[in-house]
Amino acid sequence: MIREEVFMKEQEFEEEFDDVDEFAMHIVLYKDGVAVGTGRLYPGDNDEEFILGRIAVLPDYRGLHLGAKILSLLEEEAEQQGAVSVALSAQYLVQGFYEKQGYTATGIPIWKSFVSMSGW
């Protein structure tokens, strides 16, 4: 699985899967028939906000703008479901990626390695 490879093996997270997985909408991006990226989307605290997350691309497929494609697909789905805004929690390591996609850091850092970000 992509999330196991990226978050658990590569980044050494102990817990990657949670209760949100049961009700979130998940997408998988394929390149030449190979699953190379993923992400999820779920409703926020109100009907107008959706949360994007667990966006990951396998190491051999980075640099091909696939993360941006996954983010765009999740945003499109959120909009189709009536979202007025989207938000996510990003690792500091990839904060610049999300800023290039139009997201802005908000609030105080979560844990030691995450920052809240808002989109549109």
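Predicted model: local features only at pLDDT ≥ 70, side-chain atom pairs only at ≥ 80, totals over all residues.
**Strand 3 and its surroundings**

In strand 3, G53 is the bridge partner of R40.

Strand 2 and strand 3 run antiparallel and are joined by six bridges. A further partner in strand 3 is A56, which pairs with T38. The two strands form a hairpin, with five residues between them.

Let me turn to the other neighbour of strand 2. Strand 1 and strand 2 are also antiparallel, and seven bridges join them. Here Y30 has A35 in strand 2 as its bridge partner. The hairpin of these strands has two residues between them, and within this hairpin D32 takes a positive phi near 55°. Strand 2 is largely enclosed by the rest of the structure, because seven of its 10 residues are buried.

Strand 3 is mostly covered as well, with seven of its nine residues buried. Its pairing with strand 4 is parallel and extends over four bridges. In that pairing, F50 stands opposite V86 of strand 4. Together with helix 2, strand 3 and strand 4 make a right-handed β-α-β unit.

I now come to the interior. In soluble globular proteins, nonpolar side chains tend to be buried together. In this model the largest nonpolar core has 19 residues, and those touching the most other members are L52, I70, L71, L74, L88, Y98 and Y103.

What lies closest to the centre of the largest pocket, among the residues that line it? The pocket itself holds about 940 Å³ of space. Its lining comprises 37 residues, of which F7, I55, Q91, V94 and Y98 are closest to the centre. Helix 1, strand 2, strand 3, helix 2, strand 4 and helix 3 each give two or more residues to the lining. The largest share, seven residues, comes from strand 3.

To close, I return to strand 3. This strand pairs antiparallel with strand 2 and parallel with strand 4, and it gives the largest share of the lining of the largest pocket.

Methods: Residues numbered from 1 in each chain as written. Heavy atoms only, no water. Core = buried A, V, L, I, M, F, W, Y, C linked by side-chain atoms within 4.5 Å. Buried < 20%, exposed > 50% of the residue type's maximum accessible area, 1.4 Å probe, protein only. 1 Å grid on protein atoms, 1.4 Å probe; cavity = no way out; pocket = protein on both sides within 12 Å on 5 of 7 lines; lining within 4 Å. Points joined across faces, edges and corners; volume = space filled by probe spheres on them. Pairing = 2+ DSSP bridges. Right-handed = clockwise from strand over helix to strand, strands pointing away.
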